[in-house]
Amino acid sequence: MDTFGILAVTDTSSIVWPLLAAVAGVATVLGLMLVFRVNAFLALIAAAMVVALMAGIGGLDPMKDVGAALGSTAGSIAILIAMASIVGKCMLDNGSADAIVTAAIKITGQKRAPLGLMGSGFLLAIPVFFDTVFYLLVPLARSLYQRTGKDYVLYVMAIACGGAVTHTLVPPTPGPLLVAATLGADVGMVMVIGIFVGIPVSAAGLVFCNFMNRRVNIPMRPVAGMRVDSPENDAEDAAQTGHAPRKVPLWLALAPVLLPVIMITASTLATTFADGEDRAKIAAAEVTNQTDFANQIRTASAQADSPESRIVNSSKLSAQQRTGLTDAQATPDQFLEALNRALLDAKLFDPAAFREVAIPEKLRSNLLADHLRTKPVDMRRINRELLELTYPKWLAKHQWDSPMRLWADRLSGLGNASFALSLSAIIAIATLAWAKQRSLQALAGDIEESLMSGGLIILITAAGGAFGTMLQRAKISEAIQSMIDLQGSGGITVMVLGFVIAALLKVAQGSSTVAMIIGSSMVAAMVNVEALPYHAGYLVTSIGGGSLIGSWMNDSGFWVYAKMGGLTESESLKTWTPLLIVLGSTTLAVSVVLATLLPLK
């Protein structure tokens with residue numbers, strides 16, 4: 001049964017103070033944002049400081065640790081977010097986004113224009129922020145209404161539906177991007193999972209859009225400053241630059257969107273196939289004398305601080321597997337199964353136990369590193385190298401660099417998300433220069449504008465990472481795990497937990513991105529993500545679904561929808577808010593179903 005199990009706790013001091021530190025940190029974030037209207041970056045840094053001070057992190061200089069955690073997070077996401085900002089800005093200015101939208105509507109036809117608008121928003125919100133996507137597509141909704149004289153709210157809601165889904169589920173949008181990094185999920189697989197989850201969610205959202213369109217009658221109203229693409233606007237641009245703008249072909253318009261998806265997916269597939277070989281796993285042919293090897297581990301395991309005792313007492317072993325190492329009647333297959341299981345233990349190495357083994361400095365550094373994000377196949381490789389040095393008489397050296405692994409290594413550079421987005425940015429900038437015949441000075445201004453919009457998001461995401469790191473170092477994970485037993489739950493409880501936390505944060509402070517950042521940091525501090533029976537990408541989408549719930553007047557997306565769509569606050573509460581509730585709830589449901597049927601573990 002998938003429920004929380006509350007355990008008896010004898011040492012309450014071990015859980016009370018970490019929980020108080022966590023509560024104080026969350027209260028600081030929400031209090032500063034809601035009561036004092038403090039910027040999210042400042043609120044998150046203040047919360048990280050509160051947690052660090054209460055947990056005694058950093059001694060008399062906790063800001064040093066907070067700054068280091070912030071820098072670590074920024075180093076992993078700054079290039080991605082900056083390049084995504086450039087791509088989004090250039091696609092809007094060079095006509096690529098308009099070309100994609102026009103092509104989508106040509107495919108669907110005017111009668112199915114809502115599907116085209118929803119699909120366009122779905123695709124464009126992968127590299128482009130939601131507000132710019134909505135700004136781009138609303139003129140098309142207005143043009144369609146002028147032709148049909150009906151269904152304006154359907155058109156507007158369809159745009160919001162597609163854009164909101166990928167904005168919260170598919171990297172390189174900052175929210176899901178940072179959640180993937182926080183949970184240690186591969187970005188390429190998160191992109192794939194996000195798209196597969198997002199398609200049925202968007203379909204359900206479009207059904208709800210049609211339902212609301214029949215229940216409300218909202219006319220199109222004038223919107224100040226709303227520019228609709230037209231020959232007159234092109235003529236105005238030509239008068240300013242002295243050159244008529246060129247039309248961007250569809251293949252070139254799609255290149256900045258599809259290129260990173262293709263590159264990252266290719267690298268992910270190659271790495272997945274290479275990991276599937278699991279070449280560090282010990283095979284019977286790689287053990288010189290298995291009987292003597294088993295006897296050595298069985299007889300020496302009674303000695304404290306010995307390599308054998310570390311292997312036999314590994315937390316990765318079940319009672320039955322431990323018997324496979326210690327029982328003389330155990331079969332060779334049982335012995336190898338238990339030994340390979342122990343190789344997955346991130347805490348197998350202990351300097352005192354392996355003091356007589358000559359360990360190279362590089363391997364020692366790998367063994368002592370923080371393996372919270374280390375994949376099981378890599379953990380097994382590191383520990384296999386340790387055992388090869390410990391038992392050279394019985395255990396042969398493994399060959400890690402197979403042809404598939406070499407291909408994976410070659411593609412890893414090309415599939416690096418930052419590199420792929422950098423190439424996309426170059427293509428988008430070059431397309432802008434060609435289509436609008438921009439001068440170098442004008443291009444520099446465009447890039448600077450896009451980086452200014454992305455800079456704040458980088459700061460907020462980095463501060464959220466620092467806050468999450470302080471929560472982890474405050475041992476909130478151990479405190480909560482001592483009260484909540486997630487073993488045997490099937491992992492569905494964790495998905496619901498992430499969904500609820502993100503939803504509560506979204507209702508409280510309004511930003512989906514901030515809700516995802518803080519929510520993922522808290523979930524990562526509560527559970528061992530690697531132990532879940534499904535790919536962490538499903539947990540990413542569950543948290544993203546929660547961040548959609550409860551959008552109202554404290555959400556900037558609410559005002560983008562209302563002001564750019566020409567709707568009143570009351571009309572927005574009747575259409576936008578319930579739409580996002582439907583999208584968020586459906587996201588959780590689809591994530592749970594797919595994680596059960598196709599865990600991808």
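Modeller: Here is a chat about that model, starting with its ground rules.

Modeller: This is a predicted model, so local features need pLDDT of at least 70 and side-chain atom pairs count only at pLDDT 80 or more, while totals for chains, interfaces and linings use all residues. Residues are numbered from 1 along each chain as its sequence is written, and side-chain values use heavy atoms, with hydrogens and water left out.

Colleague: Thanks! At what angle do α2 and α20 cross?

Modeller: Helix α2 (residues 40-55) and helix α20 (residues 440-473) cross at roughly 15 degrees, and their axes come within 8 Å. Helices here are DSSP runs (H or I, at least four residues), numbered from the N terminus. Axes are lines fitted to C-alpha atoms over the stretch in contact, with angles from 0 to 180 degrees between N-to-C directions.

Colleague: And what does that make α2 relative to α20?

Modeller: Roughly parallel to α20. The wording goes by angle: under 35 degrees is roughly parallel, over 145 roughly antiparallel, 65 to 115 roughly perpendicular, and the rest oblique.

Colleague: Is the crossing left-handed or right-handed?

Modeller: α2 passes α20 in a left-handed crossing. Left-handed means that the near helix is turned anticlockwise from the far one by less than a right angle, and right-handed means clockwise.

Colleague: Which residues meet there?

Modeller: From α2, the residues include Phe 41, Leu 44, Ile 45, Ala 48 and Val 51, and they meet a set in α20 that includes Leu 459, Ile 460, Ala 463, Phe 467 and Met 470. Contact means heavy atoms within 4.5 Å. By class, the contact of α2 with α20 has 15 nonpolar, one polar and no charged residues. In that scheme Ala, Val, Leu, Ile, Met, Phe, Trp, Tyr, Cys and Pro are nonpolar, Asp, Glu, Lys and Arg are charged, and the others, Gly among them, are polar.

Colleague: How do α19 and α20 cross?

Modeller: Helix α19 (residues 417-436) and α20 cross at roughly 135 degrees, with axes that come within 11 Å. The two are therefore oblique to each other, and their crossing is right-handed. Ile 429, Leu 432 and Ala 433 in α19 meet Leu 443, Asp 446 and Ile 447 in α20. By class, that contact has five nonpolar, no polar and one charged residues.

Colleague: What about α14 with α15?

Modeller: Helix α14 (residues 319-326) and helix α15 (residues 332-342) have axes that come within 8 Å and cross at roughly 115 degrees. α14 passes α15 in a left-handed crossing. Gln 321, Gly 324 and Leu 325 in α14 meet residues of α15, among them Phe 335, Glu 337 and Arg 341. The classes there are four nonpolar, three polar and two charged residues.

Colleague: Switching topic: how many disulfides are there?

Modeller: Zero, in a search of the whole structure. A disulfide is a pair of cysteine sulfur atoms within 2.5 Å.

Colleague: How many residues of α24 are buried?

Modeller: 11 of the 11 residues of helix α24 (residues 536-546), so it is largely enclosed by the rest of the structure.

Colleague: Where does Thr 73 sit?

Modeller: Thr 73 is in helix α3 (residues 62-94), and at 11% relative accessibility it is buried. Leaving aside neighbours within four places in sequence, Thr 73 is in contact with Leu 178, Thr 461, Ala 462, Gly 465 and Ala 466.

Colleague: And Gly 56, buried or exposed?

Modeller: Exposed, with a relative accessible area of 53%. Gly 56 lies in the loop between α2 and α3. The C-alpha atoms of Gly 56 and Arg 473 are separated by 9.6 Å, although these residues are 417 residues apart along the chain.

Colleague: Last one: what does Asn 383 touch?

Modeller: Not counting residues up to four places away in sequence, Asn 383 touches Ala 342, Leu 343, Leu 344, Asp 345, Leu 348 and Leu 367. Asn 383 is in helix α17 (residues 376-390) and is buried, with a relative accessible area of 1%.

Conventions. Buried < 20%, exposed > 50% of the residue type's maximum accessible area, 1.4 Å probe, protein only.
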